[in-house]
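Let's take a friendly walk through a protein model together. Keep the picture open beside you as you read.

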Amino acid sequence: MKGLSSSPSSPTSLLPTISYPLSAKKSKSPFATLLLSIIALVCLLHLHPAGITGLARIGLDEVQGLTCEERGLITRESNRTEEGSRIAITVRPTSLGKLSPLKDNTLLETPFHPFLTSSQPVLFPGTDWADFDPTPNPLPGSPKASCVPSVVHTIEMIPPHQNTSDELPEVFFSFCTTPSRASEYAPIWSHFLGKGSLGEIKDSSGKTHLPGCVVVDAQGEGDHEGRKFANAALQASGTACVMKESSRVGERYEMRVLGLIKDAWVESERRRWQEGGPIVEWYLFNDDDTFWIDINDVKQILLQFDSSEDHMMGGFSEAVANFNDHGKIAFGGAGIILSRSLVRKMQGLVGTCSRKFAHIFGGDGILTHCAALARDVGYQEVVREIPGLSQMDMRGDASGFLTTGKRFLSLHHWVGWLDLVPNKTGPESVSLFAAGADAIGGRNMFRRFVFDQGRTVWTAGFSVQVHKDALSSEDLGRVVSLSLPHIPPPLIPKPLHRSTPGRASNPAHPLAQVEPKGKTN
């Protein structure tokens, strides 16, 4: 379980319930995992002899007068057959409580919930509990009462970013996929591209606009009906994406990915000159199953860099074999970020790169080599690794990776490769993550809080784990069942000049101590 993460809070008096019923899978591992799916700001837990099941509801019940939630309690479920073992936990940001805030990624003496804590010897029979001294178990509320009492934890949450065009840079998204997949994934993309999403941008006058986006056909040629169907789905999902024929039509998929350099530039400039759209400062190249948790977090990082200079940013593969085979290329699933200056410089090199690097595996590999050619550096030196851009080159149960306490800016392989949430499909899982990020902000998602002397771990927005053996400080620095070839270096903020289309940076942002340098052409 790896490293420290930073991550926002809500000004409301009680954050809404955003969770979903799930069942934990039985495992021979030394810990039991209770996946609550999404943030567990208010959650209900069941204890069973055979395992643990998590339950919660979406939204506050609308009843006459004050609801249970408005009184700091939880509305009782209609099925009361197991009310004797039901417990409730409420999480509030520090600004609403008078208690000392709980810090993430540290061992805490605080019990997560007395009933859960005192039941741990039952969950792991045969374990030596001689040194375990849990808080006495309170009696559950009366089965006849309409509300369930809740244990309240005061958590230090990081305030969310305000997504305004006066403060954060303008980005443009591009994808290379088939019309059918574009239609299928449009609702998922809408979480970071659609109206009302974290990606929607507000200017100083209060007007909003959506981030620009282009999708090109990955394999078809002249598929007008397919693109028409995809564009209808993209529009219905509330995005500003448009699907077009690839500039490298008739060529293999990898060359069409390379062609995104031209396609994204042409479409963004068309919107600028024909529709009065904003000047794009950063271009994001994605696999169709790249999921951005909170794009404002990425924009905040980009404030450290000048888009009028040549920058390529991305994430490397976590898998040893992939890292050794392909080296420090920007893997597309993690998301690739290029500055305006570099994309403009690469416009005249796409044809050269298609010939010179035809032997390179993968469109992202060719894209990296082409960027290196444009910058006249080695391909192993062109990519600045951004911690949190996650390629996720692994298969199966991803819970060990998602509960590392590391920061996540993007997720990948949520279709087919990974089981993100038990009993949920990939689209359902990332939709739950999107709801969590919308409620608490992406910087709070997947932060880890350790209770019960190291035996209970709450990963915000994802899970509660009950461990057989208490975690040590050293354990908190390990990743479960994953061998990383390297540890991404920390991104050290430093003052840099940022060229923007006539916009000054907001000095309130700690990463934005910069001066405007005028318009970018």
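Alanine 88 has 0% relative accessibility in this predicted model, so this residue counts as buried, the cut-off being under 20%. You can find alanine 88 in strand β6, which covers residues 87–93.

Now for the aromatic rings. A pair of aromatic rings is described by the distance of the centres and the angle of the planes. Searching the whole structure turns up 14 aromatic pairs. One of them joins phenylalanine 172 and tyrosine 283: the centres are 6.0 Å apart and the planes meet at 50°, so this pair is tilted. Why does this pair tie together parts that are 111 residues apart in sequence? Because phenylalanine 172 belongs to strand β9 (residues 171–177), whereas tyrosine 283 belongs to strand β14 (residues 282–286). Both phenylalanine 172 and tyrosine 283 are buried.

Phenylalanine 316 and phenylalanine 323 form another pair, with ring centres 6.2 Å apart and planes at 50°, so the description is again tilted. Phenylalanine 316 has a relative accessible area of 7% and is buried. Phenylalanine 323 is buried too, with a value of 15%. Elsewhere, ring pairs connect Phe401, Phe408, Phe433, Phe446 and Phe462 into a cluster.

| Charged residue | Ring | Distance from the ring centre |
|---|---|---|
| Arginine 395 | Tryptophan 417 | 3.9 Å |
| Lysine 406 | Phenylalanine 408 | 4.3 Å |

Next, look at the helices. How do the axes of helix α3 (residues 179–193) and helix α4 (residues 224–236) cross? They come within 8 Å of each other and cross at roughly 5°. That angle makes α3 roughly parallel to α4. On the α3 side, the contact is made by Pro179, Ala182, Ser183, Ala186 and Trp189. On the α4 side, Gly226, Arg227, Phe229, Ala230, Ala233 and Leu234 take part. Sorted by class, this contact has eight nonpolar, two polar and one charged residues.

Helix α6 (residues 295–302) is mostly covered, and eight of its eight residues are buried. The buried residues of α6 include Asn296, Asp297, Lys299 and Gln300. Ile295, Val298, Ile301 and Leu302 of α6 are buried as well.

Finally, two residues are worth a look for their backbone angles. Most residues other than glycine have a negative phi, and most peptide bonds are trans. Aspartate 376 has a positive phi, near 60°, and is not a glycine. You will find aspartate 376 in the loop between α10 (363–375) and β18 (383–385). Methionine 392 also has a positive phi, about 55°, although methionine 392 is not a glycine. Its place is the loop between β18 and β19 (396–397).

Are these two residues buried or exposed? Aspartate 376 is exposed, with a relative accessible area of 69%, whereas methionine 392 has 0% relative accessibility and counts as buried.

Conventions. Residues numbered from 1 in each chain as written. Predicted model: local features only at pLDDT ≥ 70, side-chain atom pairs only at ≥ 80, totals over all residues. Heavy atoms only, no water. Phe/Tyr/Trp six-rings, centres within 6.5 Å; stacked < 30°, edge-to-face > 60°. Helix = DSSP H or I, 4+ residues; strand = E, 2+ residues; numbered from the N terminus. Buried < 20%, exposed > 50% of the residue type's maximum accessible area, 1.4 Å probe, protein only. Lys NZ or Arg CZ within 6 Å of the ring centre and 35° of its normal. Axes fitted to C-alpha atoms, helices over the stretch in contact; angles between N-to-C directions. Parallel < 35°, antiparallel > 145°, perpendicular 65-115°, else oblique. Contact = heavy atoms within 4.5 Å. Nonpolar A, V, L, I, M, F, W, Y, C, P; charged D, E, K, R; others polar.
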